[in-house]
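Colleague: Please take a close look at one part of this model, the protein surface around the RNA. Which residues and contacts make it up?

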Amino acid sequence: MENKEERPLNFIEKIIEDDLKAGRVPNDTIVTRFPPEPNGYLHIGHIKSICINFGLAEKYNGICHLRLDDTNPEKEDQEYIDSIKSDIHWLGFDWGKHEYYASDYYDQLYQIALKLIKEGKAYVDSLSAEQMKEYRGTLTEPGKDSPDRNRPIEENLDLFERMKNGEFPEGTYTLRAKIDMKSPNINMRDPALYRIKYADHPRTGKKWCIYPMYDFTHPISDAIEGITHSICTLEFEDHRPAYDWATSIDGIDHTPHQYEFARLNINYLLMSKRKLLYLVKNNLVSGWDDPRMPTVSGIRRRGYSPEAMKDFVSRVGVAKVEGVVDYSLMEFCVREDLNKRAKRLMAVLDPVKLIIDNYPEGKIEYFEAENNPEDPEAGTHKVAFTRELYIEREDFMENPVKGYHRLYIGNEVRLKHAYYVTATSVEKDTEGNITAIHATYDPESKGGTTPDGRKVKGTSHWVSASECISAEVRQYDKLFKAENPGAATGNYLDDLNPDSLIIIRDAKIEKEAATAKPGDYLQFIRNGYYMADSRDSSPEHLVFNRTVTLKDSWSKMKQKMGL
RNA sequence: UGGGAAGUAGCCAAGUGGUUAAGGCACGGGUUUUUGAUACCUGCAUCCGAAGGUUCGAGUCCUUCCUUCCCAGCCA
């Protein structure tokens with residue numbers, strides 16, 4: 001990871017340092033919170049928020065709470081709560097004992113609502129949803145007061161009590177804050193505080209049939225928990241006055257402040273819950289944890305590391321500009337991290353037979369293969385070498401193009417860790433497809449160098465035809481082929497990448513691969529980074545997911561040459 | 001068109017009136033290399049949305065304009 005010391009402070013860090021310096025922070029301990037609504041799976045966008053909130057607490061010796069914002073029981077579920085917690089832990093953050101739920105505060109919230117009513121600052125409104133919309137006005141026209149706005153306090157108290165007791169059907173009444181129907185900020189035009197909802201709540205069951213709204217719950221929850229810096233995304237800027245209104249209600253003695261940053265957008269990716277849900281529901285992907293999904297569970301299964309994602313988020317920075325980050329930056333971070341830790345293995349994905357004619361039949365030699373050239377501590381493992389091998393089909397060319405320095409008739413290349421070989425001839429089937437390549441090896445070149453020190457330009461990976469294992473390899477690519485899915489036609493489905501998953505059923509892999517478990521970071525040399533699939537891989541049927549390719553300047557060059 | 005925000009390279013992003021406008025990604029050139037990977041070296045904004053103005057001096061201050069995003073849930 002790069003020098004944290006040298007990275008300039010972002011605007012939130014500056015605010016915190018100022019607050020700390022000015023003694024505005026109780027006990028000099030900042031308190032942040034990550035407040036997801038448990039209505040879906042966490043995605044890459046959430047990672048930014050998690051890193052900001054937990055990261056700030058870490059950096060300034062503060063505390064970060066996990067608060068499940070569970071005020072809309074219709075959409076929420078325990079399943080989501082569990083996955084959210086597991087995803088945060090995977091990222092390496094821990095809230096310790098500070099696990100809270102907005103629903104923990106329902107009683108307190110109710111008391112505060114009562115108090116507002118008694119003070120004439122809230123009223124029970126009988127306007128229907130449609131009427132309320134009419135009365136609210138528009139962006140350019142002020143709203144007008146509800147006929148119920150001046151309902152007597154006693155009547156409000158009675159009605160609110162009965163709302164709570166379940167005497168009214170959904171939609172008949174709401175509790176509203178009496179603020180200003182003419183405010184240029186629509187959020188201040190008497191926002192709803194409570195609505196009636198007969199739904200089973202994951203935690204409070206049937207205890208309540210009125211549920212508090214975000215603008216009421218969130219600021220007060222922050223205040224109750226002693227949050228000092230309440231950090232959210234830009235679209236809540238307009239809610240800040242409502243936030244400040246709620247936290248200045250009489251009797252609330254802690255005043256948190258809200259700060260907004262730009263959410264994370266990445267090209268080629270879709271982060272909308274609705275659209276992701278559509279992909280899942282219509283089997284366009286295998287589920288929320290499909291390795292092509294931008295969900296935390298998806299990228300985890302794909303083989304991304306939490307360290308890479310944290311580094312990515314830190315490189316993106318925190319600001320108020322709504323931008324779109326290049327997908328390539330994320331891939332860079334994944335490669336950079338995996339390069340340092342992935343175990344190197346040889347896997348031939350598109351095999352063609354290579355027969356070493358002058359190598360004894362039946363002989364097996366074992367070579368030491370380093371597990372990671374970046375990390376000598378990582379040790380070595382053995383690979384078997386025999387007369388018949390597999391190499392990648394694209395590592396041989398019958399008529400080599402300019403600049404090609406892999407195997408062709410008469411050319412000598414190195415087989416990684418093993419010998420120098422020179423191609424001599426090819427076998428073809430009736431259609432002219434190459435079925436085998438014949439070569440000779442130089443016994444003096446054992447280990448990959450020769451006494452005379454002669455160089456070869458190409459080094460290929462390989463696998464012994466008899467001493468290898470077969471595996472399914474899933475070549476994942478971007479789910480969408482357009483930078484901004486849907487921008488061209490208006491329908492993001494039009495930009496689905498038909499090649500986002502290419503399955504190789506019978507890849508040839510060195511035996512060492514059988515020891516790889518999901519969670520182990522692998523590099524198939526010259527092919528990319530891979531991880532055993534956490535759902536489908538088993539000792540009987542190995543399945544590997546491609547996490548990300550290696551950078552490939554050769555294919556770039558080929559493109560330039562028009563091949 | 002009301003309100004709230006934001007505009008510095010292809011993409012992020014420092015910069016808070018004073019040398020030739022940080023850094024990363026991407027991209028180009030090169031060196032090393034038993035991964036055409038990695039690593040390393042190197043190039044890449046006479047210019048800061050635009051136009052005026054203040055100033056000895058402006059990306060930084062002022063004015064006007066332009067562009068983009070967010071807000072009219074009894075969602076969060």
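Modeller: Helices (DSSP H or I runs of at least four residues) and strands (E runs of at least two) are numbered from the N terminus.

The model is predicted, with local features needing pLDDT of at least 70, side-chain atom pairs pLDDT 80 or more, and totals for chains, interfaces and linings using all residues. Residues are numbered from 1 along each chain as its sequence is written, chains are lettered from A and ligands numbered from 1 in the order written, and side-chain values use heavy atoms, without hydrogens and water.

Now the surface. RNA strand B has 70 residues around it; Lys14, Glu322, Arg406, Arg414 and Gly447 come nearest. α5 (129-136), β6 (192-196), α11 (306-316), α12 (327-341) and α13 (553-560) each supply at least two residues. α13 gives the most, with 5.

By class, 26 residues are nonpolar, 21 polar and 23 charged. Here Ala, Val, Leu, Ile, Met, Phe, Trp, Tyr, Cys and Pro count as nonpolar, Asp, Glu, Lys and Arg as charged, and the others, Gly among them, as polar.

The side chain of Arg195 places an N or O atom 2.8 Å from a phosphate oxygen of RNA strand B.

Methods: A residue is near a molecule or strand if one of its heavy atoms lies within 4 Å of it. A polar contact is a pair of N or O atoms within 3.5 Å; within protein, one must be able to donate a hydrogen and the other to accept it, and residues adjacent in sequence count only if both atoms are side-chain atoms.
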